[in-house]
Amino acid sequence: MSVMVNDQPTQVRPTSANGGRTTAPALRRGLDILELFLDSSEGLRVPEITARLGLPRASVHELVGALVDRGYLKANSDDHPSSYSLGVKVLQLGGAYEQALDMAALGRKIAKSVAAESGETVQVAVRDGRLAVYVVRVDSRHAVRLVSSVGSRLAAHCTAGGKMLLSALDDDELDALYPDDDSVEPMTQRSIDSKARLLSGLAEIRRRGWSEEFCESNDDAACVAAPVFDAHGTCVAAMSITVPTIRWNEATRERNLDLVREGARALSRELGASGKHV
């Protein structure tokens, strides 16, 4: 069936009695089979699938065969009778889903909420070598505020967000990035300016789970930051709140630290993180 929209025919999909779209029974059964494997890491045999779903055994054999042919399931050849587990096509779909998650769009949504509560500038940064690259920026509502832009790149060891990202690296990775003191170039008189200070500071960040800076990248700005994790538990970004020093005090620091940690957890949830990361 079709209707005319702007003088052009448009296909209308049939809907079920409850308002949802109808789906083919075979498709529903195939998806039901796949979803059984969400709770089974040991694999499943056809009789188990048949019993759990209440389907005819012949239908399950046919559906499982089709899923194996398309790469969504694989037979565990050492098992007799054969058991099945998820195939590589499921991994490929998961990877495509992760790539579709737009860090900037998701980050901007959360950053706007954090900025509304804080009243200060909120940013999301990712790391490119020794640089922190800002992929999201939501401006402070105050007349006096940090001046920067999306795409700005600053020395990671001089920023709260950058230090947060560096703290996720292991010793070998840090040694490759910062082989000596000459690689730790300061931006202000308060910047970290030696490898020993950097490593000590990163160890403290790992211990407490958040980072800060005071006039390390800008003589007139202070900042707190928290880590953003993806579905694999990897720190993929850092969210930060930056405040001019004329508005910075202990109460401001604590309030913005609470807000940025909650914002980072919210963004982590959007990226599929779970457990201790949210």
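1. In this predicted model, six strands form an open sheet whose order is 8-7-6-11-10-9, and the pairing within it is antiparallel. The edges are taken by strand 8 (153–155) and strand 9 (211–214), each of which pairs on one side only. On average, and with direction ignored, neighbouring strands of this sheet are turned by 30 degrees against each other.

2. Within the sheet, strand 6 (residues 121–128) and strand 7 (residues 131–138) are joined in the antiparallel sense over 7 bridges.

3. Helix 5 (residues 103–118) touches strand 6, strand 7 and strand 11 (235–244), and its direction makes about 65 degrees with that of strand 7. Helix 9 (residues 250–270) touches strand 6, strand 9, strand 10 (221–229) and strand 11, and its direction makes about 25 degrees with that of strand 10.

4. The largest nonpolar core has 27 residues, of which Val-114, Val-122, Val-228, Met-239, Ile-241, Val-260 and Leu-267 touch the most other members. At least two residues of this core come from each of helix 5, strand 6, strand 7, strand 10, strand 11 and helix 9. When residues up to four places away in sequence are not counted, Val-260 touches Val-224, Ala-225, Ala-226, Met-239, Ser-240 and Ile-241.

5. Another core, which lies apart from the largest one, has 20 residues, including Ala-156, Leu-166, Val-184 and Leu-202.

Methods. Residues numbered from 1 in each chain as written. Predicted model: local features only at pLDDT ≥ 70, side-chain atom pairs only at ≥ 80, totals over all residues. Heavy atoms only, no water. Pairing = 2+ DSSP bridges. Helix = DSSP H or I, 4+ residues; strand = E, 2+ residues; numbered from the N terminus. Axes fitted to C-alpha atoms, helices over the stretch in contact; angles between N-to-C directions. Contact = heavy atoms within 4.5 Å. Core = buried A, V, L, I, M, F, W, Y, C linked by side-chain atoms within 4.5 Å. Buried < 20%, exposed > 50% of the residue type's maximum accessible area, 1.4 Å probe, protein only.
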